[in-house]
Amino acid sequence: MCDRSILVCCVAVWGLSSVEFVLRAQPTPSVWDGVYTEPQAARGATLYEKECGQCHGPGGTGGGMAPALVGPSFSANYDGQTVGDLFDRNRTTMPPGKEGQLNGQENADITAYVLKVNQFPAGQGELPSQGMVLKGIQYLAFKP
Amino acid sequence: MPRTVSHHVPALLLLAAFVAVLQFSPRVSGQTGGPVFPSTDNGEWPHYSGDVKGSRYTPLDQIDATNFNKLEVAWRLKTDNLGPRLEFKLEGTPLMVKDVIYAVGGTRRAVVALDARTGEQKWVYSLDEGRRAEVAPRKLSGRGLSYWTDGRGDERIVFVTIGYRLVELNAKTGDPIPSFGKNGMIDLKEGVVYMKDKRIPLETGEIGTHSTPLVVKDTIIVQSSMAEGLRYEFSVNAKGLVRAFDARTGKQIWRFNTIPYPGEPGNETWENGSWEWTGNVGVWTEMSADPEAGLVYLPVESPTIDIYGGNRPGENLYAESLVAVDLKTGKKKWHFQFVHHPIWDYDTVGAPLIVDATIDGKPRKLVAQASKQGWLYVFDRLTGEPIWPMPERPVPQSNVPGEKTSPTQPFPSKPPAYSRNFLATDDVIDFTPALRAQALENLKKYHWEQTPFVPAVIPDGKIFGAINVANTMGGVNWPGSGFDPETATFYTQAYNSQVSATAISADYFKVVDPAVQAKHRIPIWESEHFGKEESFGSRGPTPLTEGLGGLPIVKPPYGVISAIDLNQGTLAFQVPHGDTPDAVRNSPLLKGLDIPKTGQQGIVGIVVTKSLVIVGDPMLTAPPGRPRGAMLRAYDKKTGAEVGAVWMPAPQSGNPMTYMVDGRQYIIVAIGGGTYSSEYIAFAIPQSELKRTTDRE
């Protein structure tokens, strides 16, 4: 009985550590893993011109009052944060006067466009619009 | 004369003189029975810029080079719940009068009063303006507020709402002053016109302000501004104006129209009748005054459609000019136009600085205007005469259809520019030969000349734009500059690396073409697309930055602190401001290279004290040795040496100020941005470090 209990414990510990190893071994996705698609970014570009470009300039290069969405200042704000942080910032505060009026898909498309102008690669799957999922995608200014 | 009267006469004369002194010396504080006015001399901060001269200066010296690094956070105010949503762009500078802090904050532009020692809230005022605020051109919390007192206990907070209403509040309670305007409020949209004399609609008419009213004695002067945007589609807009109101009642005293009407001098600078439909030409920045001379200085901004002037041929007075007007009447005394027929968005920025200097051995009364274009324009503030020559020099001409650029622009001969205003060949990136070669290759696709004022082009597949520097962000921008009145030294932070490719896309030109505009001249609020406007521009990165790995095309320093000795018209010092950006420090293209501190891109404001220039970083960085964040830095104001720095969790977003209460000096700065929502953060020397004082310094 004692030997069996020890065996069960050992198997359990081994099993748990294997799961932990597998979990640790899975890399956290980042913006370098192709987290949006080109068609999505193209939709985002159209929305950007309509909702964002007046203030943030063509291609996100910035206006007088609104900061650039590309370049060192922008990347410094989000480096080490997540795509979810960027998405939530847009969702809750942009555009001024119309906050919350764009739906999740539109916000995701615009976020995809911002990733594109920041020269992160496109991939096969669209950027989702669920904040919790986006919180799991790291924003890294430089490729790891 | 009877003997008793002859004895009393000298006494009576003395009594009369004493009464006269009390009556006519209202500015002397502390005398029994006389009015008392706040001042930076008392350790207070009663104006946005410290005083009406724009100095951003205080003689406080408790915080100095020996203890700046010991500063601790005394208190902080998050503005999260002062409006309906989080704020990330708090640009306010608080005031401090009689131990109370007054500040704007939150996305509703609320006004709060706080205990200056602890930040404890005393009252809050907020006005929900509904759709009028939603469509307003100047949203969010703005840059601050103003204070008026009669010196005898009537104290008022004066500010302009998002929806462009002038409000006065009881400074003790936050309640609107019933005797001011209508129940404490004046609707500033009333009286604003577009076209010749049409009244703008009160809800949707485009006018507002971020800046603070200027309070000079018992007069409140209010500026005006419109939407910011470089691709405006309408040649018609509300006309800019500056108005003065009685501080007690709100009665309008005078009005200055920045676009002259027919018969007024300057109207002829709007050809083809374009004075009529053109608007903007507001004053969106801070103003200043010389109360002794009775003059107010107005830094006037750009005309409608910033980057294309085909609908408004002519020099366009008083756009992008400094105008001096009489404090009592609003009549123009003199003006100087910095940019003729403006098409570069070089709108005038920052309060004009009212400085007294000694030049060539003679005392001179100056007004010095900083600019996006890196020049400090210095004038005799009474006459408008340039102190040093500003010759008109030939500049490149536009080939955009309908555009008639000015053949010349004024180039100040002195002092030297405090930041770049064109991309010099020697200033192109050169960290490595490969990067420089790539940059020069990219520049072949642009109209690039060794001068400012290169006109925009319509891209044609070979030439993508015209290279200009500092023409949208600066140089100096809304945070303005400051000076030390003791030494007549000008100080500023300046963005030294904003390179833009100025272009008018073919699609945009189709909209702003004068032939098209002339068929249907309407302002934006009459458009069926009002609120749903689109922008015109390229959809991706431009060739200008290709192959540079995100590095700026221009060499460091990317941002600087510059000082100019106004007695000599010379640069006293220029140093990089801010840690090297992470994107540069970590760039794989620069691996192995030892890059000196580069300073940072961005625009921030300063405060000047007895010994220091204090200013925070405009960017977040995470260099080795400290947490990710930004630094509030102190520079020796004589040498420019950095003498201290304290950590902040986010970059500076509003101009700092400093004050003293109960013998302890505080510095307040607004921070925020990115994912860090806005807050005011107050620093002070730890109590344990304070020298024992019995009197308030």
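In the predicted model, chain B contains an open sheet of 4 strands in the order E26-E27-E29-E30, and the pairing is antiparallel. Helices (H or I, at least four residues) and strands (E, at least two) are DSSP runs numbered from the N terminus, and two strands are said to pair if DSSP finds at least two bridges between them. Strands of a sheet pair through backbone hydrogen bonds, either parallel or antiparallel. The edges of this sheet are strand E26 (482-484) and strand E30 (570-576) of chain B, each of which pairs on one side only, and the twist averages 20° from one strand to the next. Strand E29 (residues 559-565) of chain B is joined to E30(B) by 6 bridges, and the two run antiparallel; B:Ala563 stands opposite B:Phe573 in E30(B).

This is a predicted model, in which local features need pLDDT of at least 70 and side-chain atom pairs count only at pLDDT 80 or more, while totals for chains, interfaces and linings use all residues. Residues are numbered from 1 along each chain as its sequence is written, with chains lettered from A and ligands numbered from 1 in the order in which they are written.

A further open sheet of chain B has 4 strands in the order E12-E13-E14-E15, with antiparallel pairing. Strand E12 (214-216) and strand E15 (252-257) of chain B stand at its edges, and each has a single partner strand, so one side of each is left without a neighbour in the sheet. The twist here averages 20° from one strand to the next. Within the sheet, strand E13 (residues 219-222) of chain B pairs with strand E14 (residues 241-246) of chain B in the antiparallel sense over 4 bridges, and B:Ile220 stands opposite B:Phe245 in E14(B).

In chain A, helix H2 (residues 38-51) packs against helix H6 (residues 104-117) at an angle of about 100°, with the axes 7 Å apart. Axes are lines fitted to C-alpha atoms, for helices over the stretch in contact, and angles run from 0 to 180 degrees between N-to-C directions. H2(A) is therefore roughly perpendicular to H6(A), on a scale in which angles under 35 degrees count as roughly parallel, over 145 as roughly antiparallel, 65 to 115 as roughly perpendicular and the rest as oblique. Residues are in contact if their C-beta atoms, placed from the backbone, lie within 7 Å; among those making this contact are A:Ala41 and A:Leu47 of H2(A), together with A:Ile110 and A:Tyr113 of H6(A). By class, the contact of H2(A) with H6(A) has 7 nonpolar, 2 polar and 4 charged residues, where Ala, Val, Leu, Ile, Met, Phe, Trp, Tyr, Cys and Pro count as nonpolar, Asp, Glu, Lys and Arg as charged, and the others, Gly among them, as polar.

H6(A) itself has 14 residues and reaches 20 Å from its first C-alpha to its last, close to the 20 Å expected at 1.5 Å a residue, the expected span being 1.5 Å times one less than the number of residues. Of its 14 residues, 11 are buried, so H6(A) is largely enclosed by the rest of the structure. A residue is buried if 20 or more other C-beta atoms lie within 10 Å of its own, exposed if 12 or fewer, and partly exposed in between, with C-beta atoms placed from the backbone. The buried residues of H6(A), including A:Asp109 and A:Val114, pack against H2 and H5 of chain A.

Several backbone features were also found in the model. Most residues other than glycine have a negative phi, and most peptide bonds are trans. A cis peptide bond, with omega about -15°, joins A:Met94 and A:Pro95, and A:Pro95 is placed in the loop between H5 and H6 of chain A. A cis peptide bond with omega about 5° joins B:Leu317 and B:Tyr318. B:Tyr318 lies in the loop between strand E17 (295-299) and strand E18 (321-326) of chain B, and B:Asn316 also lies in the loop between E17 and E18. Phi of B:Asn316 is positive, near 65°, and this residue is buried, with 29 other C-beta atoms within 10 Å. B:Asp360, by contrast, is exposed, with 8 other C-beta atoms within 10 Å; its phi is positive, near 50°, and its place is in the loop between strand E20 (353-359) and strand E21 (362-369) of chain B.

Note on methods:
Two residues are in contact if their C-beta atoms, placed from the backbone, lie within 7 Å.
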